[in-house]
Amino acid sequence: AYDFSILLGVFLLAIALAGCAASRAAASKPELLIRRLACAQAGAGVLILLLFPALPASWPILTFFGKLYFSWLGSWGWSRLVHVMIAGTVMLAPAFLMALLLPAAPALAPGGPRPAASVGRLYAANTLGAVLGSLACVFLLIPVFGLARSAALIAAAQTLLGAALWSKSGGKFRPAALAVAVALGAWGLNWAWRASGPTPGVLFEQDGLAATIRVYTQGTRKILETDNLQVQGADPSSPGAHPKRLGYLPALLHPGPTARRALQIGLGTGINLAGLMEGPVGEAEVVELLPELPRAAGFFRGENDAVLENPKVSLKIDDGRAYLQNHSGPYDLVVGDLFFPENAGTGSLYSLEHFSRQ
């Protein structure tokens, strides 16, 4: 519930610090200012690229933060502070370097009779770039390249921006420094590409607009993950813990002999839905928010009895709560597929009003 606000707060802190630093740097000579900004932009790109090879070696740091978090779990403020520290470790330095450019750029804008017009055009271009950049990331880069590769490509472009600024300053490229920057950037880019490639044991992985979905095997278990959180799994060696039981329960609790029409919110692996369909259910609709999840559920065909191919089952890609509000029903059964109330946005799925709006 607080992750987005923490990430945004750290990013805004970086922008504020960069604004203070840029106001002092703006007093430098134009050539020197451009070189400083060039180093900052290239440095931001290289830092982001280096996050990829650094990740496998970061477990001691993550373990430290984990122990700190659980030792402070009794205090809401201190446990959130650990999240701020993690976000700051990853984001603060590259965000600070990137944010130096805009507040310092007006010092380089041509003066002339209307200096305000130059600054206005500069900020208009920045706003337009922010709009186009967000649209390109969501609708082009992430669907085509995935999350890690998109971040790496943007970081590489950031590094090239720094090199372009340096060339505009009239400064000469020092071969040693240029070679080190190129080597570090190429190393990080290579790691990002490898991180997004096929991984042993991973059957399916896709970065969607709302979440990253992964299906992988762990021993005899097959596990579905959403944003690195284990959502559901199947373990043939433990039939007593089979998640089909969560599908049997609603049908058993239904007072009538047959539930003519059922609605399940959330597909998951489809195993719960398969259990529901084994009971006295006439037809069922399943509403899933993530369009990538039905494909992931296909890797559990043996466990979910290929339930999505059942003619009595219809799949809808929609928000479960909105779907229930906008469809008249009525439904004999409304089933929520294992939502955790502590996760943002899911608490309302357990409310009486949610189930009565049909």
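How many bridges join strand 6 (residues 281-288) to strand 7? Five, and the two strands run parallel. The legends below concern a predicted model, in which local features need pLDDT of at least 70, side-chain atom pairs count only at pLDDT 80 or more, and totals for chains, interfaces and linings use all residues. Residues are numbered from 1 along each chain as its sequence is written, and side-chain values use heavy atoms, with hydrogens and water left out.

**View 1. Four strands make an open parallel sheet in the order 7-6-5-8.** Strands (E, at least two residues) and helices (H or I, at least four) are DSSP runs, numbered from the N terminus. Two strands count as paired if DSSP finds at least two bridges between them. Strand 7 (313-317) and strand 8 (333-336) are the edges, each pairing on one side only. Neighbouring strands are turned by 20° against each other on average, direction ignored; the axes are lines fitted to C-alpha atoms, and angles run from 0 to 180 degrees between N-to-C directions. Val287 stands opposite Lys316 of strand 7.

**View 2. Strand 5 (residues 259-265) is largely enclosed by the rest of the structure, because five of its seven residues are buried.** Buried means under 20% relative accessible area, exposed means over 50%, and partly exposed lies in between (1.4 Å probe, protein chains only). Six bridges join strand 5 to strand 6. From strand 5 the chain crosses through helix 10 (residues 271-277) to strand 6, a right-handed β-α-β crossover. Right-handed means that, with the strands pointing away from the viewer, the path from the first strand over the helix to the second runs clockwise. Strand 5 also pairs with strand 8, over four parallel bridges. Gln264 has a bridge partner in each neighbour: Val286 in strand 6 and Val335 in strand 8.

**View 3. Arg261 and Glu285 meet in a salt bridge, 2.9 Å from N to O.** A salt bridge is a side-chain nitrogen of Lys or Arg within 4 Å of a carboxyl oxygen of Asp or Glu. By this rule the count comes to five. Arg261 sits in strand 5 and Glu285 in strand 6, 24 residues apart. Arg261 is partly exposed at 23% relative accessibility; Glu285 is buried at 10%.

View 4. The closest N and O atoms are 2.9 Å apart for Glu205 and Arg214, and 2.8 Å apart for Glu225 and Arg214. Glu225 lies in strand 3 (residues 221-226) and Arg214 in strand 2, so this pair ties together parts eleven residues apart in sequence. Arg214 is buried at 17% relative accessibility, as is Glu225 at 10%. Glu205 is partly exposed, at 36%.

**View 5. Asp305 and Ala306 lie in the loop between helix 12 and strand 7.** Most residues other than glycine have a negative phi. Asp305 has a positive phi near 55°, and Ala306 has one of about 50°. Asp305 is partly exposed, with a relative accessible area of 43%. Ala306 is buried, at 17%.

**View 6. His83 belongs to helix 4 (residues 76-99).** His83 is partly exposed, with a relative accessible area of 23%. The C-alpha atoms of His83 and Tyr2 are 9.1 Å apart, although 81 residues separate the two along the chain.
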